[in-house]
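Welcome, and please take a moment to look over the model shown here. The short report after it walks through a few features, one at a time.

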Amino acid sequence: MEDAHAGHTGHGSRGSSEGLGSLAEMLDLDAEITRSCWDEVTRWIEQAIPTDVRRIVELGAGTGVGTFALAGRFDHAEVIAVDASDEMLDRVREKALDLGVAERIKAVQADLDTDWPETGLVDLTWASMFMHHLTDVDGVLKRIHAATRDGGLIVIAEFTDPPRFLPDDLGFGEPGLESRCIESFKAEGLRSLPSFGLEWGRRLEKAGFSAIEERVFDLEGDDTEPGRLARYGRLWLERVSSAAASHLSSDDLSALKELLAEIGPHSLEERSDLHIHGSRVVVRAAK
């Protein structure tokens with residue numbers, strides 16, 4: 001349910017097969033490692049939505065992490081996974097077959113800045129770490145409003161604090177490396193993504209939504225096998241450091257190289273102090 005924007009080809013975007021493959025792996029690891037957080041989010045959504053949920057749309061679905069979480073929470077609803085990437089949607093279709101829910105999952109290719117798919121009336125629109133990619137946010141929100149059944153919801157999840165994995169003092173290099181990477185990463189997002197950091201409540205109200213509520217959810221990793229957490233941390237840090245590289249000193253770049261080395265005393269896989277933490281802001285609003 002998550003997207004790392006800059007350098008991270010992103011939900012709803014097109015990219016190289018290799019780039020999309022690593023993105024897909026990271027999204028699936030995120031879903032597994034932070035499952036309890038997203039269970040809490042879907043419960044919060046359920047509290048506000050009408051009981052008879054017939055149709056859900058996930059925008060920027062990626063591998064369908066949100067699609068399948070919502071299909072599990074609302075087990076009689078049709079869920080439409082929308083993404084610009086045919087490769088990602090193929091993964092959604094395969095996973096739907098594997099889970100035995102293919103009859104309730106529909107994968108639809110669309111570039112939401114230029115096109116709104118034929119969805120019919122929707123009870124819930126879910127967009128996790130996706131809306132900041134759009135160039136025509138107000139237009140998209142108006143189209144979502146028009147497609148939403150009276151009493152239906154839109155729910156948007158975005159970063160407050162991106163995930164972090166490392167201690168401040170790594171035992172080598174200058175302390176605070178990950179914080180500097182994150183700050184540079186966010187600065188790059190503000191520069192390169194037109195809708196990064198918007199005030200979503202105000203935008204939703206402008207589009208015609210009401211009963212707007214916002215909540216911050218702490219992101220703490222569930223107990224997991226250390227190698228899996230190191231793999232997730234590696235995929236995330238590779239993307240963050242790629243976006244942040246032009247803002248970092250040569251010493252920081254050297255330290256990053258040691259962390260991301262496949263083997264070596266400072267590589268992520270050799271560390272015993274990895275721990276994921278961060279937070280997400282989730283905004284829900286009703287028609």
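## Salt bridges

A salt bridge is a side-chain nitrogen of Lys or Arg within 4 Å of a carboxyl oxygen of Asp or Glu. By this rule the structure has 21 salt bridges. Before going further, note that this is a predicted model, in which local features need pLDDT of at least 70 and side-chain atom pairs count only at pLDDT 80 or more, while totals for chains, interfaces and linings use all residues. Residues are numbered from 1 along each chain as its sequence is written, and side-chain values use heavy atoms, with hydrogens and water left out.

Let us begin with Arg143, which forms a salt bridge with Asp136; their closest N and O atoms are 3.7 Å apart. To say how open such residues are, we use relative accessible area: buried means under 20%, exposed over 50%, and partly exposed in between (1.4 Å probe, protein chains only). Arg143 is partly exposed at 29%, and Asp136 is partly exposed at 31%. Another salt bridge joins Asp52 to Arg54, with the closest N and O atoms 3.6 Å apart. Here too both partners are partly exposed, Asp52 with a relative accessible area of 48% and Arg54 with 43%.

## A pair within one helix

Helices (H or I, at least four residues) and strands (E, at least two) are DSSP runs, numbered from the N terminus. In helix H8 (residues 226-244), Arg234 and Glu238 are four residues apart, so about one helical turn separates them. Their side chains meet in a salt bridge, at 3.9 Å from N to O. Is Arg234 buried or exposed? Arg234 is buried, at 1% relative accessibility, whereas Glu238 is partly exposed at 34%. Elsewhere, salt bridges that share partners link Asp138, Arg203 and Lys206 in one network.

## The chain as a whole

Stepping back, the chain has nine helices and seven strands. Of its 287 residues, 55% count as buried. Contact means heavy atoms within 4.5 Å. Among contacts between residues at least 6 apart in sequence, 80% join residues at least 24 apart.

Which residues of helix H9 (residues 250-259) are buried? They are Asp252, Ala255, Leu256 and Leu259. These four lie on the same side of H9 because they cover an arc of only 100 degrees around the axis, the arc being that of the directions from the helix axis to the C-beta atoms. On the other side of H9, Ser250 and Lys257 are exposed.

## The largest pocket

A pocket is found on a 1 Å grid over the protein atoms alone: it is an open set of points where a 1.4 Å probe fits, with protein on both sides within 12 Å along at least five of seven lines, and lining residues have an atom within 4 Å of a point. Grid points are joined across faces, edges and corners, and a volume is the space filled by probe spheres set on the points. The largest pocket holds about 270 Å³ of space.

How many residues line the largest pocket? There are 13, and Ala31, Glu32, Arg35, Val65 and Ala69 lie nearest its centre. Helices H1 (17-33), H2 (35-48), H3 (65-73) and H4 (86-99) each give two or more residues to this lining. The lining divides into seven nonpolar, one polar and five charged residues; Ala, Val, Leu, Ile, Met, Phe, Trp, Tyr, Cys and Pro count as nonpolar, Asp, Glu, Lys and Arg as charged, and the others, Gly among them, as polar.

Ala96 is found in helix H4 and is buried, with a relative accessible area of 2%. Leaving aside neighbours within four places in sequence, Ala96 is in contact with Phe68, Val101, Ala102 and Ile105. Ala96 and Gly64 are 32 residues apart in sequence, and their C-alpha atoms are 9.0 Å apart in space.

## Positive phi angles

Most residues other than glycine have a negative phi. Met129, although not a glycine, has a positive phi of about 55 degrees. Met129 sits in the loop between strand S4 (122-128) and helix H5 (137-147) and is buried, at 0% relative accessible area. Ala211 also has a positive phi, near 50 degrees. Ala211 lies in strand S6 (residues 210-220) and is exposed, with a relative accessible area of 54%.
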